[in-house]
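Hi,

Here is the structure I promised to pass on. Have a look at it first, and then read my notes below.

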Amino acid sequence: MSKLLSLGDAIQRYVPDGALIFIGGFGHCVPFAAGHELIRQGRKGLTLCRTGTDILFDQLIGAGCVAKVIFGYLGNPGVGISHSFRRAVDTGSLGVEEWTNFTLLLRLHAGRIGVPFLPSRVLLAGDVPQASADARKITCPFTGESLSAIPALLPEVALIHAQRADEDGNVQMWGIDGDTREGALASRVVIATVEEIVPREVIRAAPERTIVPAHRTAAVCHVPGGAHPSYVQGYYTRDDEHFVLYDRVSRNPNELSAYLDRHVRNVADREAYLNSLEPGVLERIGIARRVHPTARKDARSGDPVEAR
Amino acid sequence: MNAQTEMENLVLATALELADHETCFVGIGVPSLAAMLAKRTHAPNLVLIYESGAIDANPPIAPLSTGSPSVTADTAMIGDCLDVFGDLQAGRIDVGLLSAAQVDRHGNLNSTVIGDYHKPKLRMVGSGGAHDIASLANRVVIAMPHDPRRFVASVDFITSPGFLNGGGERLRCGLRGGPHAVITGRGRFVFANEELQLERSFHPFSLAQAVEGFGWDVPVRPGAFCFNGFDDGARMVARGIGLSAGA
(Lines give C-alpha, C1' and ligand atoms only; values in the text may rest on other atoms or scores of the structure.)
Protein backbone atom coordinates (compact mmCIF):
# COMPACT_ATOMS: atom_id res chain seq x y z
CA MET A 1 0.00 0.00 0.00
CA SER A 2 1.42 3.35 -0.96
CA LYS A 3 2.14 5.74 1.92
CA LEU A 4 2.93 8.59 -0.44
CA LEU A 5 1.18 11.81 0.53
CA SER A 6 1.77 15.46 -0.11
CA LEU A 7 3.36 17.10 2.93
CA GLY A 8 0.30 19.32 3.35
CA ASP A 9 -2.02 16.30 3.42
CA ALA A 10 0.22 14.37 5.81
CA ILE A 11 0.33 17.22 8.35
CA GLN A 12 -3.40 17.81 7.91
CA ARG A 13 -4.22 14.16 8.53
CA TYR A 14 -1.81 13.21 11.32
CA VAL A 15 -0.88 16.32 13.34
CA PRO A 16 -3.68 17.87 15.39
CA ASP A 17 -3.37 21.05 17.47
CA GLY A 18 -1.84 20.27 20.86
CA ALA A 19 0.11 17.22 19.67
CA LEU A 20 3.34 16.04 21.33
CA ILE A 21 5.80 15.98 18.43
CA PHE A 22 9.30 14.58 18.17
CA ILE A 23 11.38 16.57 15.69
CA GLY A 24 14.18 14.51 14.11
CA GLY A 25 17.63 15.54 12.91
CA PHE A 26 20.79 16.09 14.96
CA GLY A 27 22.29 18.94 12.92
CA HIS A 28 21.86 16.62 9.93
CA CYS A 29 18.50 15.98 8.20
CA VAL A 30 16.52 18.47 10.30
CA PRO A 31 12.92 18.40 8.93
CA PHE A 32 12.57 22.11 8.19
CA ALA A 33 10.01 21.60 5.41
CA ALA A 34 7.70 19.63 7.72
CA GLY A 35 8.10 22.23 10.48
CA HIS A 36 7.30 25.01 8.04
CA GLU A 37 4.13 23.19 7.03
CA LEU A 38 3.04 23.25 10.71
CA ILE A 39 3.48 27.04 10.62
CA ARG A 40 1.63 27.38 7.31
CA GLN A 41 -1.30 25.37 8.59
CA GLY A 42 -1.37 27.45 11.78
CA ARG A 43 -0.98 24.63 14.31
CA LYS A 44 -1.37 25.75 17.93
CA GLY A 45 -0.53 24.45 21.36
CA LEU A 46 2.11 21.95 20.23
CA THR A 47 4.60 20.32 22.57
CA LEU A 48 7.95 19.79 20.84
CA CYS A 49 10.66 17.42 22.01
CA ARG A 50 14.14 16.29 21.07
CA THR A 51 17.69 16.26 22.54
CA GLY A 52 19.68 19.01 20.81
CA THR A 53 17.35 21.34 18.93
CA ASP A 54 17.99 23.36 15.82
CA ILE A 55 16.67 26.79 14.78
CA LEU A 56 13.49 25.06 13.61
CA PHE A 57 12.41 25.12 17.28
CA ASP A 58 13.02 28.87 17.36
CA GLN A 59 10.94 29.34 14.22
CA LEU A 60 8.02 27.31 15.55
CA ILE A 61 8.11 29.17 18.88
CA GLY A 62 8.37 32.53 17.09
CA ALA A 63 5.42 31.62 14.87
CA GLY A 64 3.23 30.95 17.91
CA CYS A 65 2.74 27.20 17.30
CA VAL A 66 4.25 25.97 20.56
CA ALA A 67 2.85 25.65 24.10
CA LYS A 68 5.70 23.65 25.59
CA VAL A 69 9.23 22.44 24.85
CA ILE A 70 10.94 19.32 26.20
CA PHE A 71 14.65 19.38 25.35
CA GLY A 72 18.29 18.91 26.26
CA TYR A 73 19.63 21.95 24.38
CA LEU A 74 17.67 24.78 22.80
CA GLY A 75 19.68 27.24 20.73
CA ASN A 76 21.28 28.09 17.42
CA PRO A 77 24.10 25.52 17.19
CA GLY A 78 27.54 27.11 17.26
CA VAL A 79 26.07 30.59 16.85
CA GLY A 80 24.22 31.48 20.06
CA ILE A 81 20.99 31.44 21.99
CA SER A 82 17.45 31.02 20.63
CA HIS A 83 15.98 34.51 20.68
CA SER A 84 12.32 33.46 20.31
CA PHE A 85 12.78 31.00 23.18
CA ARG A 86 14.30 33.77 25.30
CA ARG A 87 11.38 36.11 24.59
CA ALA A 88 8.83 33.38 25.31
CA VAL A 89 10.53 32.61 28.65
CA ASP A 90 10.56 36.34 29.49
CA THR A 91 6.81 36.62 28.93
CA GLY A 92 6.08 33.30 30.62
CA SER A 93 4.11 32.12 27.60
CA LEU A 94 5.96 28.84 27.11
CA GLY A 95 6.08 25.65 29.17
CA VAL A 96 9.68 24.59 29.70
CA GLU A 97 10.77 21.08 30.65
CA GLU A 98 14.49 20.73 30.38
CA TRP A 99 16.64 17.64 30.57
CA THR A 100 20.09 16.93 29.22
CA ASN A 101 20.92 15.43 25.84
CA PHE A 102 21.68 12.04 27.39
CA THR A 103 18.60 11.91 29.61
CA LEU A 104 16.23 13.08 26.85
CA LEU A 105 17.74 10.33 24.71
CA LEU A 106 17.11 7.81 27.50
CA ARG A 107 13.50 9.01 27.74
CA LEU A 108 13.00 8.27 24.05
CA HIS A 109 14.88 4.97 24.30
CA ALA A 110 12.69 3.87 27.22
CA GLY A 111 9.63 4.76 25.16
CA ARG A 112 10.97 2.88 22.20
CA ILE A 113 11.71 -0.34 24.08
CA GLY A 114 8.53 -0.25 26.16
CA VAL A 115 9.73 0.29 29.72
CA PRO A 116 8.44 3.02 32.06
CA PHE A 117 11.92 4.30 32.92
CA LEU A 118 15.63 3.63 32.57
CA PRO A 119 18.23 4.00 35.32
CA SER A 120 21.17 6.35 34.80
CA ARG A 121 24.15 7.91 36.53
CA VAL A 122 23.30 11.52 35.73
CA LEU A 123 20.89 14.08 37.25
CA LEU A 124 22.35 13.09 40.61
CA ALA A 125 23.53 16.63 41.43
CA GLY A 126 23.24 20.26 40.38
CA ASP A 127 20.18 22.36 39.61
CA VAL A 128 18.78 20.69 36.47
CA PRO A 129 16.92 17.96 38.40
CA GLN A 130 15.37 20.42 40.88
CA ALA A 131 14.48 23.13 38.39
CA SER A 132 12.76 21.16 35.73
CA ALA A 133 13.54 17.53 35.03
CA ASP A 134 11.17 15.02 36.61
CA ALA A 135 13.74 12.37 37.44
CA ARG A 136 13.51 10.35 40.67
CA LYS A 137 16.28 8.94 42.80
CA ILE A 138 16.21 5.16 43.04
CA THR A 139 18.36 2.52 44.68
CA CYS A 140 19.69 -0.25 42.46
CA PRO A 141 18.13 -3.55 43.64
CA PHE A 142 21.34 -5.41 42.77
CA THR A 143 24.18 -3.15 43.91
CA GLY A 144 22.50 -0.69 46.26
CA GLU A 145 23.88 2.27 44.28
CA SER A 146 22.01 5.57 44.02
CA LEU A 147 20.73 6.13 40.48
CA SER A 148 18.31 8.38 38.63
CA ALA A 149 15.14 6.94 37.12
CA ILE A 150 14.55 8.61 33.75
CA PRO A 151 10.89 8.32 32.69
CA ALA A 152 9.83 7.16 29.22
CA LEU A 153 8.68 9.71 26.66
CA LEU A 154 6.16 8.60 24.03
CA PRO A 155 5.61 11.24 21.34
CA GLU A 156 2.40 11.08 19.33
CA VAL A 157 4.04 12.09 16.07
CA ALA A 158 7.61 12.03 14.76
CA LEU A 159 8.59 14.35 11.94
CA ILE A 160 11.83 13.22 10.31
CA HIS A 161 13.74 13.94 7.13
CA ALA A 162 15.90 11.35 5.36
CA GLN A 163 17.70 10.61 2.12
CA ARG A 164 15.16 8.28 0.58
CA ALA A 165 12.22 5.93 0.97
CA ASP A 166 10.12 3.64 -1.14
CA GLU A 167 6.38 4.12 -1.63
CA ASP A 168 5.67 1.52 1.05
CA GLY A 169 7.33 3.74 3.65
CA ASN A 170 10.68 2.07 4.27
CA VAL A 171 12.80 5.08 5.21
CA GLN A 172 16.56 5.09 4.69
CA MET A 173 18.96 7.51 6.32
CA TRP A 174 22.72 7.50 6.61
CA GLY A 175 25.27 9.87 8.08
CA ILE A 176 24.57 11.47 11.48
CA ASP A 177 21.45 9.97 13.08
CA GLY A 178 21.87 11.34 16.61
CA ASP A 179 18.57 10.56 18.34
CA THR A 180 16.44 10.43 15.18
CA ARG A 181 15.90 6.68 15.10
CA GLU A 182 15.18 6.51 18.83
CA GLY A 183 12.67 9.34 18.62
CA ALA A 184 10.96 8.01 15.51
CA LEU A 185 10.59 4.50 16.88
CA ALA A 186 9.32 5.80 20.23
CA SER A 187 6.53 7.69 18.43
CA ARG A 188 3.06 6.40 17.54
CA VAL A 189 3.00 8.01 14.07
CA VAL A 190 6.00 8.64 11.84
CA ILE A 191 5.90 11.17 8.99
CA ALA A 192 9.02 11.17 6.83
CA THR A 193 10.00 13.72 4.22
CA VAL A 194 12.69 12.45 1.85
CA GLU A 195 14.96 13.70 -0.91
CA GLU A 196 14.02 10.85 -3.21
CA ILE A 197 11.41 8.15 -3.67
CA VAL A 198 13.20 5.04 -4.92
CA PRO A 199 12.03 1.60 -6.12
CA ARG A 200 11.65 -1.21 -3.57
CA GLU A 201 14.68 -3.00 -5.01
CA VAL A 202 16.94 -0.08 -4.10
CA ILE A 203 15.83 -0.30 -0.46
CA ARG A 204 16.16 -4.06 -0.33
CA ALA A 205 19.64 -3.97 -1.90
CA ALA A 206 20.87 -2.00 1.15
CA PRO A 207 18.47 -2.80 4.01
CA GLU A 208 21.03 -1.82 6.68
CA ARG A 209 20.28 1.78 5.80
CA THR A 210 16.61 1.54 6.76
CA ILE A 211 15.92 3.37 10.04
CA VAL A 212 12.11 3.10 10.04
CA PRO A 213 10.40 0.07 8.44
CA ALA A 214 7.24 0.55 6.38
CA HIS A 215 4.84 -0.85 8.96
CA ARG A 216 5.91 1.90 11.40
CA THR A 217 5.62 4.71 8.85
CA ALA A 218 2.32 6.57 8.42
CA ALA A 219 3.29 8.84 5.54
CA VAL A 220 6.14 9.46 3.16
CA CYS A 221 6.41 12.83 1.42
CA HIS A 222 8.71 13.61 -1.47
CA VAL A 223 10.31 16.94 -0.49
CA PRO A 224 13.70 17.57 -2.12
CA GLY A 225 15.65 20.19 -0.22
CA GLY A 226 13.44 19.58 2.83
CA ALA A 227 16.29 19.87 5.33
CA HIS A 228 17.73 23.25 4.31
CA PRO A 229 19.46 25.10 6.05
CA SER A 230 20.68 21.87 7.68
CA TYR A 231 22.14 19.29 5.32
CA VAL A 232 21.64 15.84 3.87
CA GLN A 233 24.73 13.70 3.49
CA GLY A 234 25.33 12.87 -0.15
CA TYR A 235 22.83 15.49 -1.36
CA TYR A 236 23.74 18.98 -0.14
CA THR A 237 25.88 20.57 2.53
CA ARG A 238 25.02 22.71 5.56
CA ASP A 239 24.22 26.37 4.91
CA ASP A 240 26.21 27.75 7.85
CA GLU A 241 25.68 31.33 6.67
CA HIS A 242 21.93 30.93 7.01
CA PHE A 243 22.29 30.12 10.73
CA VAL A 244 24.29 33.33 11.21
CA LEU A 245 21.72 35.30 9.21
CA TYR A 246 18.92 33.76 11.26
CA ASP A 247 20.62 34.82 14.50
CA ARG A 248 20.47 38.43 13.31
CA VAL A 249 16.91 38.26 11.99
CA SER A 250 15.43 36.46 15.01
CA ARG A 251 16.68 39.08 17.51
CA ASN A 252 13.80 41.31 16.42
CA PRO A 253 10.22 39.93 16.38
CA ASN A 254 9.22 42.13 13.43
CA GLU A 255 12.18 41.02 11.35
CA LEU A 256 11.48 37.42 12.29
CA SER A 257 7.87 37.81 11.21
CA ALA A 258 9.02 39.21 7.85
CA TYR A 259 11.41 36.27 7.49
CA LEU A 260 8.62 33.79 8.22
CA ASP A 261 6.32 35.55 5.75
CA ARG A 262 8.92 35.48 3.04
CA HIS A 263 10.24 31.93 3.49
CA VAL A 264 7.37 30.08 5.13
CA ARG A 265 3.88 31.61 5.13
CA ASN A 266 3.94 33.04 1.62
CA VAL A 267 5.53 30.10 -0.17
CA ALA A 268 3.32 27.33 -1.51
CA ASP A 269 5.79 24.46 -1.33
CA ARG A 270 9.45 23.53 -0.97
CA GLU A 271 10.36 24.50 -4.49
CA ALA A 272 9.00 27.98 -3.85
CA TYR A 273 10.94 28.02 -0.55
CA LEU A 274 14.20 27.16 -2.31
CA ASN A 275 13.52 29.90 -4.84
CA SER A 276 12.90 32.38 -1.99
CA LEU A 277 16.52 32.05 -0.77
CA GLU A 278 19.28 34.51 -1.62
CA PRO A 279 20.78 34.11 -5.10
CA GLY A 280 23.73 31.72 -5.16
CA VAL A 281 22.74 29.71 -2.07
CA LEU A 282 21.58 26.62 -3.95
CA GLU A 283 24.82 26.51 -5.92
CA ARG A 284 26.93 27.07 -2.81
CA ILE A 285 25.41 24.17 -0.88
CA GLY A 286 25.37 21.93 -3.95
CA ILE A 287 21.64 21.36 -3.93
CA ALA A 288 21.07 22.34 -7.56
CA ARG A 289 23.38 19.66 -8.85
CA ARG A 290 22.59 16.84 -6.41
CA VAL A 291 18.83 17.03 -6.09
CA HIS A 292 17.97 17.97 -9.63
CA PRO A 293 16.01 15.18 -11.36
CA THR A 294 18.70 14.76 -14.00
CA ALA A 295 21.52 14.30 -11.44
CA ARG A 296 23.47 11.16 -12.26
CA LYS A 297 22.76 8.16 -10.06
CA ASP A 298 24.59 4.95 -9.40
CA ALA A 299 22.65 2.22 -11.18
CA ARG A 300 22.80 -0.35 -8.37
CA SER A 301 22.56 1.63 -5.16
CA GLY A 302 20.50 4.52 -6.45
CA ASP A 303 22.91 6.91 -4.70
CA PRO A 304 23.64 10.18 -6.38
CA VAL A 305 27.10 9.87 -7.89
CA GLU A 306 29.61 11.76 -5.69
CA ALA A 307 27.54 10.85 -2.64
CA ARG A 308 29.28 9.82 0.61
CA MET B 1 46.54 42.19 19.96
CA ASN B 2 45.97 40.88 23.48
CA ALA B 3 42.65 39.40 22.41
CA GLN B 4 44.34 37.32 19.74
CA THR B 5 47.12 36.28 22.11
CA GLU B 6 44.53 35.22 24.70
CA MET B 7 42.55 33.18 22.18
CA GLU B 8 45.72 31.46 20.94
CA ASN B 9 46.89 30.78 24.48
CA LEU B 10 43.49 29.35 25.37
CA VAL B 11 43.50 26.90 22.47
CA LEU B 12 47.20 25.99 22.86
CA ALA B 13 46.93 25.40 26.60
CA THR B 14 43.69 23.41 26.36
CA ALA B 15 45.25 21.20 23.70
CA LEU B 16 48.12 20.42 26.08
CA GLU B 17 45.64 18.93 28.57
CA LEU B 18 45.02 16.09 26.11
CA ALA B 19 47.42 13.14 25.88
CA ASP B 20 48.06 10.91 22.89
CA HIS B 21 45.84 7.79 22.71
CA GLU B 22 43.24 9.27 25.04
CA THR B 23 39.53 9.28 24.23
CA CYS B 24 38.07 12.77 24.37
CA PHE B 25 34.40 13.87 24.37
CA VAL B 26 34.44 17.17 22.49
CA GLY B 27 32.05 20.11 22.53
CA ILE B 28 31.72 22.96 20.03
CA GLY B 29 33.88 26.09 20.04
CA VAL B 30 37.20 26.20 21.91
CA PRO B 31 36.92 22.50 22.89
CA SER B 32 36.78 21.52 19.21
CA LEU B 33 39.63 23.83 18.26
CA ALA B 34 41.81 22.51 21.09
CA ALA B 35 41.14 18.86 20.29
CA MET B 36 41.79 19.48 16.59
CA LEU B 37 45.07 21.21 17.47
CA ALA B 38 46.16 18.39 19.81
CA LYS B 39 45.48 15.82 17.10
CA ARG B 40 47.54 17.82 14.58
CA THR B 41 50.49 18.22 16.96
CA HIS B 42 51.45 16.16 20.02
CA ALA B 43 48.50 13.73 20.13
CA PRO B 44 47.91 12.25 16.65
CA ASN B 45 46.16 9.21 18.13
CA LEU B 46 43.72 11.21 20.23
CA VAL B 47 40.22 9.81 19.68
CA LEU B 48 37.72 12.66 19.20
CA ILE B 49 34.14 11.75 20.10
CA TYR B 50 31.19 14.04 19.37
CA GLU B 51 27.78 13.68 21.03
CA SER B 52 26.13 13.35 17.61
CA GLY B 53 27.67 9.88 17.39
CA ALA B 54 30.91 10.53 15.47
CA ILE B 55 33.75 8.42 16.87
CA ASP B 56 37.43 9.06 16.06
CA ALA B 57 36.58 12.19 14.11
CA ASN B 58 39.18 14.41 12.46
CA PRO B 59 37.38 17.60 11.40
CA PRO B 60 39.11 19.44 8.56
CA ILE B 61 37.57 22.72 9.76
CA ALA B 62 36.02 23.68 13.09
CA PRO B 63 32.36 22.60 13.09
CA LEU B 64 29.44 24.84 14.13
CA SER B 65 27.32 21.88 15.21
CA THR B 66 28.31 18.47 16.60
CA GLY B 67 26.33 17.09 13.65
CA SER B 68 28.07 19.26 11.02
CA PRO B 69 29.53 17.82 7.79
CA SER B 70 33.02 18.64 9.06
CA VAL B 71 32.52 16.23 11.99
CA THR B 72 31.83 13.30 9.67
CA ALA B 73 34.22 14.25 6.86
CA ASP B 74 37.09 12.08 8.11
CA THR B 75 35.64 9.99 10.92
CA ALA B 76 36.12 6.28 11.63
CA MET B 77 32.57 5.57 12.79
CA ILE B 78 29.17 7.21 12.87
CA GLY B 79 27.21 5.61 15.66
CA ASP B 80 24.28 7.30 17.34
CA CYS B 81 23.87 9.24 20.57
CA LEU B 82 23.36 6.02 22.54
CA ASP B 83 26.77 4.72 21.44
CA VAL B 84 28.68 7.73 22.65
CA PHE B 85 26.69 8.61 25.78
CA GLY B 86 26.67 4.90 26.61
CA ASP B 87 30.47 4.79 26.42
CA LEU B 88 30.60 7.93 28.53
CA GLN B 89 28.39 6.47 31.25
CA ALA B 90 30.33 3.19 31.16
CA GLY B 91 33.47 5.13 32.13
CA ARG B 92 35.19 4.50 28.82
CA ILE B 93 35.91 8.13 27.98
CA ASP B 94 39.04 9.63 29.49
CA VAL B 95 38.43 13.32 29.22
CA GLY B 96 35.56 15.69 28.56
CA LEU B 97 36.22 19.19 27.22
CA LEU B 98 33.65 21.80 28.23
CA SER B 99 32.98 25.49 28.08
CA ALA B 100 30.13 27.48 29.64
CA ALA B 101 28.79 30.96 30.35
CA GLN B 102 29.85 30.85 34.02
CA VAL B 103 32.22 28.84 36.19
CA ASP B 104 32.63 29.13 39.96
CA ARG B 105 35.23 28.42 42.64
CA HIS B 106 34.22 24.76 42.84
CA GLY B 107 34.21 24.19 39.07
CA ASN B 108 30.42 24.16 38.67
CA LEU B 109 29.26 25.33 35.25
CA ASN B 110 26.22 27.32 34.15
CA SER B 111 24.82 27.38 30.62
CA THR B 112 21.13 27.66 31.56
CA VAL B 113 20.18 31.07 32.97
CA ILE B 114 21.71 34.32 34.21
CA GLY B 115 19.67 35.37 37.23
CA ASP B 116 16.80 33.47 38.81
CA TYR B 117 15.68 30.33 36.99
CA HIS B 118 12.01 31.26 37.00
CA LYS B 119 12.57 34.96 36.19
CA PRO B 120 15.90 34.96 34.36
CA LYS B 121 17.81 38.01 33.18
CA LEU B 122 19.03 35.89 30.30
CA ARG B 123 17.70 32.52 29.23
CA MET B 124 20.48 30.50 27.58
CA VAL B 125 20.67 27.15 25.76
CA GLY B 126 20.61 24.71 28.68
CA SER B 127 22.74 21.64 29.29
CA GLY B 128 22.95 19.89 25.97
CA GLY B 129 25.45 17.16 26.74
CA ALA B 130 27.40 19.30 29.23
CA HIS B 131 25.73 18.00 32.42
CA ASP B 132 26.28 14.44 31.21
CA ILE B 133 29.95 15.01 30.35
CA ALA B 134 30.60 16.84 33.64
CA SER B 135 28.93 13.99 35.56
CA LEU B 136 30.47 11.05 33.72
CA ALA B 137 33.86 11.79 32.11
CA ASN B 138 36.81 10.44 34.04
CA ARG B 139 38.43 13.88 33.86
CA VAL B 140 36.92 17.23 32.89
CA VAL B 141 38.83 20.15 31.40
CA ILE B 142 37.06 23.50 31.26
CA ALA B 143 38.07 26.08 28.66
CA MET B 144 36.87 29.65 29.26
CA PRO B 145 37.81 33.03 27.82
CA HIS B 146 39.20 35.34 30.52
CA ASP B 147 36.11 37.41 31.32
CA PRO B 148 35.30 38.60 34.85
CA ARG B 149 31.57 38.11 34.23
CA ARG B 150 32.20 34.43 33.64
CA PHE B 151 34.21 33.80 36.81
CA VAL B 152 31.87 34.10 39.79
CA ALA B 153 32.10 32.87 43.37
CA SER B 154 28.94 30.85 42.90
CA VAL B 155 27.15 30.22 39.58
CA ASP B 156 23.51 31.34 39.20
CA PHE B 157 22.49 27.82 38.18
CA ILE B 158 24.46 24.58 38.34
CA THR B 159 23.90 23.09 34.89
CA SER B 160 26.96 20.86 35.03
CA PRO B 161 28.19 19.71 38.43
CA GLY B 162 31.77 20.35 39.46
CA PHE B 163 32.57 19.85 43.15
CA LEU B 164 29.21 21.44 44.10
CA ASN B 165 29.80 23.11 47.50
CA GLY B 166 33.06 21.25 48.07
CA GLY B 167 33.89 19.09 51.07
CA GLY B 168 33.30 15.84 49.21
CA GLU B 169 29.71 16.63 48.20
CA ARG B 170 30.27 15.44 44.63
CA LEU B 171 31.36 11.99 45.76
CA ARG B 172 28.48 11.78 48.24
CA CYS B 173 26.07 12.45 45.37
CA GLY B 174 27.42 9.36 43.64
CA LEU B 175 29.56 11.12 41.02
CA ARG B 176 33.13 10.14 40.24
CA GLY B 177 35.74 12.20 38.39
CA GLY B 178 35.22 15.93 38.44
CA PRO B 179 36.90 19.02 37.08
CA HIS B 180 40.64 18.66 36.60
CA ALA B 181 41.71 22.04 35.23
CA VAL B 182 40.27 25.35 34.09
CA ILE B 183 42.09 27.04 31.22
CA THR B 184 41.80 30.67 30.19
CA GLY B 185 43.82 32.74 27.74
CA ARG B 186 45.72 34.11 30.73
CA GLY B 187 46.34 31.11 32.93
CA ARG B 188 45.84 27.54 34.11
CA PHE B 189 43.86 26.74 37.24
CA VAL B 190 43.72 23.46 39.14
CA PHE B 191 41.72 22.27 42.12
CA ALA B 192 43.07 21.80 45.64
CA ASN B 193 40.58 20.66 48.28
CA GLU B 194 37.96 20.96 45.54
CA GLU B 195 38.60 24.67 45.17
CA LEU B 196 40.01 26.56 42.18
CA GLN B 197 43.54 27.90 42.48
CA LEU B 198 45.91 29.54 40.00
CA GLU B 199 48.70 27.21 38.96
CA ARG B 200 50.37 29.36 36.27
CA SER B 201 49.84 32.37 34.09
CA PHE B 202 50.58 32.48 30.38
CA HIS B 203 53.02 34.99 28.93
CA PRO B 204 52.56 37.97 28.59
CA PHE B 205 50.10 37.89 31.49
CA SER B 206 51.23 38.11 35.12
CA LEU B 207 49.75 36.00 37.91
CA ALA B 208 47.73 39.06 38.99
CA GLN B 209 46.38 39.58 35.47
CA ALA B 210 45.32 35.95 35.30
CA VAL B 211 42.76 36.50 38.08
CA GLU B 212 41.95 40.14 37.29
CA GLY B 213 38.30 40.97 37.93
CA PHE B 214 37.27 37.52 39.22
CA GLY B 215 34.33 37.47 41.62
CA TRP B 216 36.33 36.16 44.59
CA ASP B 217 39.93 36.05 45.83
CA VAL B 218 41.41 33.15 43.95
CA PRO B 219 44.17 31.38 45.89
CA VAL B 220 47.54 31.19 44.14
CA ARG B 221 49.24 27.82 44.33
CA PRO B 222 52.68 27.84 46.00
CA GLY B 223 55.29 27.90 43.23
CA ALA B 224 52.92 29.42 40.65
CA PHE B 225 54.80 30.94 37.74
CA CYS B 226 54.46 32.61 34.36
CA PHE B 227 54.68 30.08 31.55
CA ASN B 228 56.30 31.12 28.27
CA GLY B 229 56.80 27.75 26.61
CA PHE B 230 54.09 27.30 24.02
CA ASP B 231 55.52 25.65 20.95
CA ASP B 232 55.90 28.04 18.02
CA GLY B 233 55.03 25.30 15.57
CA ALA B 234 51.85 24.48 17.46
CA ARG B 235 50.97 28.18 17.44
CA MET B 236 51.28 28.23 13.68
CA VAL B 237 49.06 25.16 13.42
CA ALA B 238 46.50 26.81 15.71
CA ARG B 239 46.44 29.86 13.45
CA GLY B 240 46.00 27.56 10.46
CA ILE B 241 42.94 25.89 11.97
CA GLY B 242 41.41 29.33 12.20
CA LEU B 243 40.74 30.45 15.71
CA SER B 244 37.02 30.82 15.29
CA ALA B 245 34.43 28.13 14.61
CA GLY B 246 33.42 28.16 10.97
CA ALA B 247 31.50 25.27 9.43
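In chain A, the crossing of H1(A) and H2(A) is right-handed. Keep in mind that this is a predicted model. H1 covers residues 7–14 and H2 covers residues 32–40 of chain A; their axes come within 10 Å and cross at roughly 60°.

Which residues make the contact? From H1(A) they are A:Leu7, A:Gly8 and A:Ile11, and H2(A) brings in A:Ala33, A:Ala34, A:Glu37 and A:Leu38. By class, that contact has five nonpolar residues, one polar and one charged.

**The domains of chain A**

Chain A is assigned two pieces: domain 1 (7–103 + 154–291) and domain 2 (117–151). Their centres, taken over C-alpha atoms, are 31 Å apart. Seven residues of domain 1 and eight residues of domain 2 take part in their contact. On the domain 1 side, strand S6 (95–98) and helix H5 (101–113) of chain A each give two or more residues, and S6(A) gives the most, with three. That side splits into three nonpolar, two polar and two charged residues.

**Where the chains meet**

The contact between the chains takes 46 residues from chain A and 42 from chain B. On the chain B side, the elements with at least two residues each are helices H3 (69–72), H4 (81–89) and H5 (130–136), plus strand S9 (120–123). This side of chain B has 20 nonpolar, 17 polar and five charged residues.

Cheers!

Conventions:
Residues are numbered from 1 along each chain as its sequence is written. Chains are lettered from A and ligands numbered from 1 in the order in which they are written. This is a predicted model: local features need pLDDT of at least 70, side-chain atom pairs count only at pLDDT 80 or more; totals for chains, interfaces and linings use all residues. Domain bounds come from an automatic or database domain assignment. Two residues are in contact if their C-beta atoms, placed from the backbone, lie within 7 Å. Helices (H or I, at least four residues) and strands (E, at least two) are DSSP runs, numbered from the N terminus. Ala, Val, Leu, Ile, Met, Phe, Trp, Tyr, Cys and Pro count as nonpolar, Asp, Glu, Lys and Arg as charged, and the others, Gly among them, as polar. Axes are lines fitted to C-alpha atoms, for helices over the stretch in contact, and angles run from 0 to 180 degrees between N-to-C directions. A crossing is left-handed if the near helix is turned anticlockwise from the far one by less than a right angle, and right-handed if clockwise.
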